[in-house]
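Please keep the sequence and the three-dimensional view at hand while reading.

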Amino acid sequence: MTPAAQPRVSLVTGASSGIGEAAALEAARAGDHVVLVARDESALAVVATACTDAGASSTTVVALDLGDDVAVARCVSRAVAITGSLDVVVNAAGVVAYGRTEDVPADVFEGVLRTNVLGSVNLARHVVPVLREQGYGTLVLVGSVIGHIGVPGMSPYVLSKWAVRALARQLQLENRDRFGVHVVYVAPGGVDTPIYAQAGNYSGVVGRPPPPVASPERVAHRIWRLVDHPKARVQVGLANNLMRFGFNVLPPVFDALVGPLFVVAAKDRTSPVAPGPGNVLASCPSKNALHGHQGSAILGIARNLQTLLPGRRRP
Ligand SMILES: NC(=O)c1ccc[n+]([C@@H]2O[C@H](COP(=O)([O-])OP(=O)(O)OC[C@H]3O[C@@H](n4cnc5c(N)ncnc54)[C@H](OP(=O)(O)O)[C@@H]3O)[C@@H](O)[C@H]2O)c1
């Protein structure tokens, strides 16, 4: 990212972990005023110190739940008050729940939709008027390749990410009249972050990113390149287009393969997990981190295949 003549004000949600943390650090290195948003203040404070050390013009910590529209409104006002403008907003907050549709409890299902869908809507509701009034600025919505396909045992997340993609498209249509206002939709594939270990889980085993796995820094870097050179829709992940092709063009083949492939490539069958909401209903700050430390995806697949051999204990 090229440092602007005047430091930008960049608001990043999900800034205490994974892609959001990497995005905040890259903004800090560019000298931006960074506004760091997530639910837990202590985890944000750690990232704020790292952002100051990295060269941020200022750091502002705002602990809130994105599902709280009033809190989001206040946060956006606070960000605008820093210099009088809001240049970039990256919405990287997100949560996941695993489990068959009927096995995910109602409050957890709703919690995923609240953060991923309503959180994005709340942010757009308060950010877009500011950008339109200024006549410039960029809102980045982080979706997922899962927002383009179906995956068994991830209904809340699948629904939420299809909705984020739809929201991005809606916002792009509604803001065509403001040439300098950009809404960018970014869809990563597998990324090595703690979101898999943080997820609500009613499937019996922990999830893991399917290969090829990108680093959060790579996704963040792509996001900031897009801020400098906006495009409406971008996939980050070599396998994304293959998955989308299979889902759209060869649905019977996709449907037959996605279940078995998901179990082998996107789960860790050697790590049983007790059913629970993970971080869906409340922050689990001790598990937030820049990286997920998932290890080699290929070794993970090999371990999973071993559990499927005859005579091996199933989790
Ligand atoms: N990792 C992947 O493989 C992958 C792939 C495709 C897309 N994505 C998407 O990328 C985005 C970032 O994911 P990640 O992997 O970086 O996740 P992560 O490491 O688990 O970070 C999630 C961040 O969101 C915050 N957050 C969660 N719920 C919130 C809420 N209600 N209000 C405010 N902040 C909230 C968390 O902090 P608190 O819990 O303290 O609030 C944390 O800072 C998500 O939208 C995810 O769906 C990830």
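His-293 counts as exposed because it has 10 C-beta neighbours inside 10 Å; a residue is exposed with 12 or fewer other C-beta atoms within 10 Å of its own, buried with 20 or more, and partly exposed in between, C-beta atoms being placed from the backbone. His-293 is found in the loop between strand E11 (267-272) and helix H10 (297-307). Its C-alpha atom is separated by 25 Å from that of Gly-259, 34 residues apart along the chain.

The model is a predicted one, in which local features need pLDDT of at least 70 and side-chain atom pairs count only at pLDDT 80 or more, while totals for chains, interfaces and linings use all residues. Residues are numbered from 1 along each chain as its sequence is written. Helices (H or I, at least four residues) and strands (E, at least two) are DSSP runs, numbered from the N terminus.

Asp-32, in the loop between H1 and E2, counts as buried because it has 28 C-beta neighbours inside 10 Å. Asp-32 touches, among others, Pro-7, Val-9, Ala-27 and Ser-57, not counting residues up to four places away in sequence; contact requires C-beta atoms, placed from the backbone, within 7 Å. The C-alpha atoms of Asp-32 and Arg-225, 193 residues apart along the chain, are separated by 15 Å.

**The sheet**

Seven strands form an open sheet in the order E3-E2-E1-E4-E6-E7-E10, with parallel pairing; two strands pair if DSSP finds at least two bridges between them. The edge strands, E3 (58-63) and E10 (233-236), each pair on one side only. From one strand to the next, the twist averages 15 degrees.

Strand E4 (residues 88-91) is joined to strand E6 (residues 137-142) by four bridges, and strand E1 (residues 9-13) also pairs with E4 over four bridges in the parallel sense.

| Residue | Partner |
|---|---|
| Leu-11 | Val-89 in E4 |
| Asn-91 | Leu-141 in E6 |

In a regular strand the side chains alternate between the two faces of the sheet. Both faces of E4 are covered: Val-88 and Val-90 are buried on one side, and Val-89 and Asn-91 on the other.

Helix H2 (residues 41-54) packs on the sheet, touching strand E2 (33-38) and E3, and its direction makes about 170 degrees with that of E3. Helix H5 (residues 155-174) lies across E6 and strand E7 (181-188), running at about 160 degrees to E7. Axes are lines fitted to C-alpha atoms, for helices over the stretch in contact, and angles run from 0 to 180 degrees between N-to-C directions.

**The core and the ligand**

The largest nonpolar core has 87 residues, and those with the most contacts inside it include Val-12, Leu-36 and Val-140. Such a core is a set of buried Ala, Val, Leu, Ile, Met, Phe, Trp, Tyr and Cys residues joined through C-beta atoms within 7 Å. Helix H4 gives the most to this core, with nine residues.

Around the ligand stand 36 residues, the closest being Gly-14, Gly-18, Arg-39, Gly-94 and Thr-193; a residue is near the ligand if its C-beta atom, placed from the backbone, lies within 6 Å of it. Helix H1 (18-29), helix H4 (106-134) and helix H6 (195-198) each supply at least two residues of this shell, and H1 gives the most, with three.

Conventions. Two residues are in contact if their C-beta atoms, placed from the backbone, lie within 7 Å.
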